[in-house]
Amino acid sequence: MRNSEKNNPSDPRQRLQDLSKERGASLANLSKMLGRNASYLQQFITKGSPRKLEENDRRVLAQFFGIAETELGALPGGSKENSYTTSAAGQLGRGTSAKAWVDVPRLDIGASAGPGTLPDSEEPYDAFQFSRRWLTEQGLEGAKLSAITVTGDLDGAAAS
């Protein structure tokens, strides 16, 4: 980090370092949360590599700290940039644009991978969020999806 950036609160590197210290979150653990190697954020802050955080990494960190993504270097006004990060953590985008995410209801129904039974009801009790873009890429439509628990023996492999 250049000396001119060390005490600049508008610098994304400085802001991330300050937030991690304030919240007692180690940079190594934050890096792991992003699905990166433990030194990823340390290198970002001290060596400037990468030059900027990937969009998905920035989104997850902003949500974790409860701040606007612009504080970590996002373009103002919600401008999009290309990001090809496939980190599992990058899929945790609650709080982002409602159009970008689809709630898939989680039903209190179990399915048997062997002999089945009929459920008493199909009332959702929770939901998973999936990226609308990802669902579309998989040929899925959110309004037609739900999640259930499956237990039993699928082709000799235990499932739960």
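The side chain of D11 reaches the backbone nitrogen of Q14 at 3.0 Å, a polar contact (N or O atoms within 3.5 Å; within protein, one must be able to donate a hydrogen and the other to accept it, and residues adjacent in sequence count only if both atoms are side-chain atoms). The model is predicted: local features need pLDDT of at least 70 and side-chain atom pairs count only at pLDDT 80 or more, while totals for chains, interfaces and linings use all residues. Residues are numbered from 1 along each chain as its sequence is written, and side-chain values use heavy atoms, with hydrogens and water left out.

D11 is placed in the segment before helix 1. Helices (H or I, at least four residues) and strands (E, at least two) are DSSP runs, numbered from the N terminus. D11 is buried yet has no salt bridge, and R13, the nearest side chain of opposite charge, is 4.6 Å away. Buried means under 20% relative accessible area, exposed over 50%, and partly exposed in between (1.4 Å probe, protein chains only). A salt bridge requires a side-chain nitrogen of Lys or Arg within 4 Å of a carboxyl oxygen of Asp or Glu. For charge, Lys and Arg count as positive and Asp and Glu as negative; His and the chain ends are not counted.

Helix 1 comprises 12 residues (residues 12-23), and its end C-alpha atoms are 16 Å apart, which agrees with the 16 Å that it should span at 1.5 Å a residue. This expected span is 1.5 Å times one less than the number of residues. The buried residues in helix 1 are P12, R13, Q14, L16, Q17, L19 and S20. Their cover includes helix 2 (27-33), helix 3 (40-47) and helix 4 (55-65), where contact means heavy atoms within 4.5 Å. G24, with a positive phi near 70°, follows helix 1.

A search of the whole structure finds 3 salt bridges. In one of them, E71 pairs with R15, and the closest N and O atoms are 2.6 Å apart. E71 lies in the loop between helix 4 and strand 1 (101-112) and R15 in helix 1, so the pair ties together parts that are 56 residues apart in sequence. E71 counts as partly exposed, at 28% relative accessibility.

D57 and R36 also form a salt bridge through their side chains, at 2.8 Å from N to O. This pair links distant parts of the chain, with D57 in helix 4 and R36 in the loop between helix 2 and helix 3, 21 residues apart. D57 is buried, with a relative accessible area of 0%, whereas R36 is partly exposed at 27%.

The loop between helix 3 and helix 4 contains P50, and the peptide bond from S49 to P50 is cis, with omega near 5°.

Over its whole length, the protein chain has 5 helices and 4 strands, in the order α-α-α-α-β-β-α-β-β along the sequence. Of its 160 residues, 29% count as buried. Among contacts with a separation of 6 or more, 55% are between residues 24 or more positions apart.
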